[in-house]
Amino acid sequence: MSRLGTPKKPIILHGHERSITQIKYNRQGDLIFSCAKDPQPNVWYSLNGERLGSFKGHNGAVWSIDVNWDSTSVITASADNFCKLWDLETGRCISSLETRTAVRTCGFSYSGDLIMYTTDKTMGQNCEIHIFDVSDSSQMRSGEPLLCIPVSSTKITSAIWGPFDEYIICGHEDGEMSHYDLKTGEKILSVKDHSKQINDIQTSKDGSMLITASKDTTAKLFDTSTLRHMKTYKTERPVNSAAISPIKDHVALGGGQEAMDVTTTSTKIGKFDARFYHLVVEEEFGRVKGHFGPINSVAFHPDGKSYSSGGEDGYVRVHYFDQSYFDFKVDY
Amino acid sequence: MLGGRMAQVTEVVPIPTWRGRQRSSRRSAPTLLDTRSVYGEVQSDQSGGGWGRENSKTKGYIFLEYTIPSHAQDAVKMANGYKLDKLHTFAVNLFSDFEKFENVPKHWENPKPQPFKNVGDLKYWLQNEDCYDQYSVIYEGGEKTAIFLNSPREPTVVEERSRWTETYVRWSPQGIYLATFHMKGIALWGGEKFDQIMRFNHPGVQLIDFSPCERYVVTFSPMSANQEDAQAIIIWDIRVGQQKRAFHCDAQSAWPIFKWSHDGKYFARIGQDALSIYETPSFGLLDKKSLKIVGLRDFTWSPTDNMIAYWVPEQENVPARVTLIQVPSRKELCVRNLFNVADCKMHWQKNGDYLCVKVDRYSKLRKVEEKDQIKYSGLYYNFELFRIREKQIPVDKVECKENVLAFAWEPTGHKFAYIHGESPRISVTFYVLRPGGKVDLIKCLERRTANHLFWSPTGQFILLAGLRNMNGVLEFVDTGDMTVMAQTEHFMATDVEWDSTGRFVVSAVSWWGHKVDNAYWLWSFQGRLLSKHPLDRFCQLLWRPRPPSLLSVEQIKEIKKNIKKYSSQFEVVDRLRQSNVSTELLKKRKQLMSEYEKYRDDKREEYAANKDRRLHMRRGVDTDDMDEEEMDEEVVEFLLKVEEIIEE
């Protein structure tokens, strides 16, 4: 294990008052979207860290954010019981979809025509998956979803679209992974390879594989369509987020412990690190320190030459890899 | 027995009984004595005989009945053999004893020989070719105990058992036995397969102590107070498995209550104003009496000679003093008077060459009358250094103004180190003793975070550790030239253990002390982190000790001189071993990579087959590969320079 060097100093994005909940790159890679436990998600230029703007309108923590494939719209999921749709060019809120409980996850489908979001199981309400057709403006106005799928398993803690707008891939509080089919509204696949809550799910560039990050201190690689468990990456702390490199056989893991769970913290500054593993042989080969608190979200730039991490400390750090990262090879 | 040993014996036979009895009003107390002080509260006297007077003399025996059996037993213990006066001694027995002694079988049968239990070679582990050491690990909150071999790269499991012990484990001082604790007593395990060698029945056992020679083990159970025939402290012969002697435990003393001499010939404990030294194998008091020392506070044995050091605090006008005596002769080898002493602590160097007595001295003393306490103020500290090997044992003194937190001798050398001061200004100071009465300050390392000192068992190297509330700061120092080899940390470390050869040291975060990040880390003696071993609820790691080397001092010197010859051999073996491990790892990796490649090929095919679908979903825009993004090339012209050429 070595300390991965990054040639330029990392770019630090400071625009949030509270801990970061999720970060995302757009498909072209020139923008980074960040949301946090404060009500204002931000969007930044990934090249120099300059802030493009903020999305004003929510009244509570924002748990999730996503951008569509042609970078025209953004959606956000918030604890204020709204899922909001925004116009990226103007920053204006186009639609506000009200729910009965906090909205936990959200995402644009591959085509960008459909959006999904999931709600929390609280106050006697069930956890639900809502599907809307954003191209249908009357539906958006009415607030009535195209499809509403009740979830009988433990609540959904992470969810993404499958590759062809056909199913939603969900991670649950007890470690279960499932597929929910859009045509029938039924759960069509279910596996349990994790023993604790799934914190994050991200796919590979072509969507054929996905990686899960779990509170049970591991991250696992699955085949997307069958949910066949292929690889496990082990750590000693809960994993909050995991991502697959778009150009190399690498995965990045970010984690730590929630502030509430830790009774004492190390006095050494910036102790929390992002860890890099070789995807196939499951061996760790590098770490990048810097965050002052646990890392809650990691994402690779679509060109694979840099990555970003969002932490409990409220900062987003953008790191460009140095030559040693690209030169690293596993002997076999 | 009736009809005593001497003339005019007054005999009392207490009878344990549960039935209540009325006190006899006829308690004509004998003129000679008040029995209550000797026999305790008596329920009644079953005076068949007893107090009745005949010929103006007592009958010579009485029967006493107690409500609680243990009172009767206590009465036997207290009064049997009690010298009333020069001519009269009490002989006291339990009533049940009569039956017991009457029914002694007429025929003596020789005890049958037990079949010989072959436990194999108990020292097998010393013959490990590569001299890997073993260590025990308790984890999963105490559920699992495992023995590992400290092989390079990864430890090898030698043995792993669930619920092997109910609390913790202890190795015997020379490493032959592993002791485990259970409700009913302790068990000793050893040999190549860790078979059970012996077990000792002592319900509720909590603490044990081995004699240094490993012939005896002392067990302590606080439970066994009121049960018949049960005792708090039992000493066992390990080989035979027999109880040798049992003792009561009265005062709240520190464990081990019995301290052994280095060769196991003697063991001793503090009594009230006395030092009781027992000898083995008879287990009786040396010279049949304790050594009377008024005010005795503490004593320690030399680790290499049959010598005891003890100290007595100041009384009235007599100063405190530290005394060294020879055992068994009890000859005083050295006495040192000390003035203004609040407390003393003794530290022997491992080779028995030096004894350090840390003396807390006060400048002011105040007696708190109500609580019968003494309060000291203005404390300062001295180290009294006894040079045991020199004639007449000269004593040198080193002063320290600050509060001393820890002290440790270099195990086989002439140096010592101590931690002093208050946080945040804590320092570690090193001294060396040179012949001719010279005690030289080597160095004082200032502003350190340390609360424990761990010398390597072979000397020269020391680990300064700030454990527990100091968050696991570790500093490795070479005292040969006082260089700091490494400054590092094992966050929240609770324990440090050197292996017996001084090559490796383990820092550990025990689940018993800290509920997360439980793991042990292996370091080289230079402070290089070799490996980390997180284990679910890891509790304890103990290196297996080694018996002292069979080589003489000259032989060891010879080997050290020719170390280069040996090290080249070892290097060859090491390199070979590295490549072996590598080939295995490489093979495994190769397999994983080829499996993955096959999987990826399938996925690539699928992906290619679905291209049209993807194009359709994104309105004909091909978003598959970033390189094929439409890029507009723009040519921008900048005006760089304007040059005017003037032709003449």
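**Starting from one serine**

Tutor: Happy to. Leaving out residues up to four places away in sequence, Ser136(B) touches Ala146(B), Ile147(B), Val169(B), Trp171(B), Gln540(B), Leu541(B) and Leu542(B); contact means heavy atoms within 4.5 Å. Before we go on, this is a predicted model, where local features need pLDDT of at least 70 and side-chain atom pairs count only at pLDDT 80 or more, while totals for chains, interfaces and linings use all residues. Residues are numbered from 1 along each chain as its sequence is written, chains are lettered from A and ligands numbered from 1 in the order in which they are written, and side-chain values use heavy atoms, with hydrogens and water left out.

Student: Is Ser136(B) buried or exposed?

Tutor: Ser136(B) is buried, with a relative accessible area of 0%. Buried means under 20% relative accessible area, exposed over 50%, and partly exposed in between (1.4 Å probe, protein chains only).

Student: Which side chain does the Ser136(B) side chain join in a polar contact?

Tutor: That of Trp171(B), at 3.4 Å. A polar contact is a pair of N or O atoms within 3.5 Å; within protein, one must be able to donate a hydrogen and the other to accept it, and residues adjacent in sequence count only if both atoms are side-chain atoms.

Student: And which strand is Ser136(B) in?

Tutor: Strand β7 of chain B, residues 134-139. Helices (H or I, at least four residues) and strands (E, at least two) are DSSP runs, numbered from the N terminus. Chain B comes to 6 helices and 45 strands, and 44% of its 648 residues are buried.

Student: Switching topic: which residues have the most contacts inside the largest nonpolar core?

Tutor: They are Tyr177(B), Ile186(B), Leu188(B), Phe200(B), Ile208(B), Phe210(B) and Val217(B), in a core of 31 residues. Such a core is a set of buried Ala, Val, Leu, Ile, Met, Phe, Trp, Tyr and Cys residues joined through side-chain atoms within 4.5 Å. β12(B) gives the most to this core, with 4 residues.

Student: What does Ile208(B) contact, leaving aside neighbours within four places in sequence?

Tutor: Its partners include Ile186(B), Val217(B) and Trp255(B), as well as Arg170(B).

Student: Now the interface. How many residues does each chain put into the contact?

Tutor: Chain A contributes 37 residues and chain B 31 residues. Between them the chains bury about 3,200 Å², 56% of it on carbon and sulfur atoms. Buried area here is the accessible area (1.4 Å probe) that two parts lose on being put together, summed over both. On the chain A side, Tyr110(A), Phe164(A) and Tyr332(A) supply 22% of the area buried against chain B, more than any other three residues.

Student: How many salt bridges across it?

Tutor: The rule finds 6 between chain A and chain B. A salt bridge is a side-chain nitrogen of Lys or Arg within 4 Å of a carboxyl oxygen of Asp or Glu. One of the pairs to look at is Arg619(B) with Asp70(A), at 3.2 Å, N to O.

Student: Last one, back in chain A: is Asp181(A) buried or exposed?

Tutor: Asp181(A) is buried, with a relative accessible area of 13%. This residue lies in strand β17 of chain A, residues 176-181. The Asp181(A) side chain reaches the backbone nitrogen of Lys183(A) at 3.4 Å.
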